[in-house]
Amino acid sequence: MSKRLLTFGAVLALYACSPERTIVVEPKDAPIEHISLDAKDDKLIPKPEIDAFIEQQAAKDKEHLFRWSTASDLMIWSALTHSSNILSVGYAIPSFDPKNLVKLDLKTKDWLEARQRILSIVFTEEKAVDKDLKTPEDVIVYGGVGMPNFDLKITQLSTIQKLRETGMIRFMEPADYQPRSDKGGKKEAQSARAPFYAFGCGDNEHAEPPVVNIIDYTATTPNSSKVSWNLVQHGLPAAWNRSATGLGRTIAYFDTGLSPEQSRMNSGFATGMSANRSVQKLVTFPTTRLQDFLGDRETPDDWCGHGTCVASIGTAPRTGLSPVGVAYRANLISVRASFDVLLNTTREWRGAADGFSLLAPRSDVQIYSMSMGGVPFWNGTILYSIYNSVMADAVMLAAGYGKVMFCAAGTTPEDWMPKNLVIFPATMSEVYAVTGVKIKYDNNNNPLPILNYIGPTACNECMYGPQVDFAVLMQKFNGSINRVMALPRLNETEPTSFGGSSGATATMSAMFAAVWSRYPNEPAARVLTHMVNHSTHGFQNRHPSVGWGLVDLDAATVDPTIPRRTF
């Protein structure tokens with residue numbers, strides 16, 4: 001679902017969003033501005049020179065995104081050589097219509113022939129230097145789901161050049177390449193069971209020190225479940241009393257999986273006041289050939305902790321004593337799409353993209369939530385991230401099927417790094433970017449009502465920018481925890497502390513599910529518009545850092561039906 005579905009009538013004049021992306025075939029001669037004219041066609045470009053080009057191009061982009069479509073074939077090959085030699089390739093046939101992806105059928109003769117032609121070219125060129133290749137299929141590292149793209153092992157410049165000559169190439173990207181790193185990308189084998197050196201992992205194994213009633217949470221009546229302080233401020237308990245509980249909605253969380261050890265998100269998921277709903281666990285994080293050979297395939301299980309936290313924020317059951325999720329009657333699909341929180345390898349981008357594409361045709365899944373994204377790079381002058389076309393393909397496919405998607409604007413714990421950037425894919429107009437803000441108090445140290453957040457205060461680790469659409473309270477200064485409550489990875493009932501734009505995105509997607517369940521017969525676009533009308537900034541006063549701002553769930557669920565407004 002594009003953000004523009006929110007706009008109708010005079011709202012068009014009020015709603016400012018970035019232009020809709022399109023899928024295009026790259027030109028045969030992509031520009032490269034910094035290479036000397038006497039450079040040889042097959043001379044490997046040094047890594048510092050590639051990094052300088054990336055930063056130069058990102059600085060020109062209004063969203064500070066670098067796109068590999070601006071690089072020459074020589075540079076793409078050089079980046080491959082400096083990293084893993086895995087190239088993400090998107091292809092097309094003349095009838096390809098990126099605006100009508102729901103009718104895309106990759107099993108037709110034309111698409112199968114196009115695929116085979118690409119693989120045959122790569123096989124022919126690469127077999128000359130790799131005698132172990134036996135068939136064209138051997139060059140595939142990771143195949144794609146739902147869209148015409150795959151990740152191929154390529155070592156020769158001539159392979160890239162011959163692919164370009166076909167006129168069928170939509171994109172070629174060395175997604176493992178990382179600017180300003182000793183190596184071009186992460187080459188180490190990633191184990192599913194080694195979370196403690198991975199970004200965003202290992203911090204939420206156990207519960208925090210005992211939380212304080214009223215300050216950290218409010219107990220529900222009946223049932224004595226713990227409602228995180230921020231949900232109280234957003235007016236969620238009042239919304240629950242009007243049946244805004246997520247009933248009948250399904251949220252797919254794309255993250256590091258769901259812990260098999262946390263019983264409340266497994267056997268206890270449909271208990272208490274959360275009965276008659278379902279949880280499904282999937283994995284799209286690819287199993288490598290070595291893992292497959294060793295019989296150690298990837299599973300849906302969360303060994304990181306991040307995925308369990310975000311899923312519990314949105315959907316944890318209302319069973320008493322433990323933290324309750326925003327949409328505690330919604331169905332959950334947990335998709336283990338990545339090794340950790342930062343998508344900075346081909347394998348991780350493939351896992352996230354395949355998750356989006358896999359669930360796109362499923363009509364029972366309405367809402368996507370992803371608290372992950374690309375790496376924010378900082379060279380001391382410019383902050384930027386890198387566009388990934390495999391992920392963009394998946395986002396646009398899901399949008400074609402009407403999914404409502406929420407993505408994290410970005411989180412960085414580094415004090416020295418600026419926060420004025422929204423990371424990819426939250427920059428895409430097809431998704432809603434979410435970030436977090438700090439709580440505000442009056443002169444008597446009482447929390448201010450939501451509608452007083454006209455000038456929001458940035459949370460310590462959250463990132464911001466004009467692409468942000470919604471904000472959620474994520475940080476306070478008193479009590480036992482100064483972020484929000486989530487369930488820990490291990491089987492403990494007391495909460496762990498979780499925050500950043502990850503927590504904000506998990507919360508916002510579930511807020512949407514809750515409000516939609518209050519108005520189950522309304523289309524998603526009208527529900528979103530209704531929520532914007534009950535946010536701190538609304539359509540007319542969109543904020544340059546937090547967009548429409550914070551939603552007042554109490555006000556957004558008062559009306560028995562969504563009013564027909566005249567703008």
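**Entry 1: Thr166**
I began with Thr166, which sits in the loop between helix 4 and strand 5. I kept in mind that this is a predicted model.

Is Thr166 buried or exposed? I looked up its relative accessibility and found 15%. Buried means under 20%, so Thr166 counts as buried.

Next I asked what the side chain of Thr166 reaches. I found the backbone oxygen of Leu163, at 2.6 Å. Then I set aside the neighbours within four places in sequence and listed the contacts of Thr166: they are Arg117 and Ile121.

**Entry 2: helix 4**
I stepped back to helix 4, which runs over residues 157–165. Which of its residues are buried? I noted Leu157, Thr159, Ile160, Leu163 and Arg164. These residues lie on the same side of helix 4, because they cover an arc of only 165 degrees around the axis.

I also wanted to know what covers the buried residues of helix 4. My list includes helix 2 (73–82) and helix 3 (109–127), along with strand 2 (86–91) and strand 5 (169–173).

Just after helix 4 I came to Gly167, which has a positive phi of about 75 degrees.

**Entry 3: confidence**
The mean pLDDT of the chain is 90, and 89% of the residues reach 70 or more. Over residues 4–40, though, the pLDDT is below 50, and this stretch has 88 contacts in the model beyond near neighbours in sequence. Residues 183–196 also have a pLDDT below 50, with 43 contacts counted in that way. Where pLDDT is low, the predicted coordinates should not be read in detail.

How values were computed: Residues numbered from 1 in each chain as written. Predicted model: local features only at pLDDT ≥ 70, side-chain atom pairs only at ≥ 80, totals over all residues. Heavy atoms only, no water. pLDDT = per-residue confidence, 0-100. Contact = heavy atoms within 4.5 Å. Buried < 20%, exposed > 50% of the residue type's maximum accessible area, 1.4 Å probe, protein only. Helix = DSSP H or I, 4+ residues; strand = E, 2+ residues; numbered from the N terminus. Arc of directions from axis to C-beta. Polar contact = N/O pair within 3.5 Å; in protein donor to acceptor, adjacent residues only side chain to side chain.
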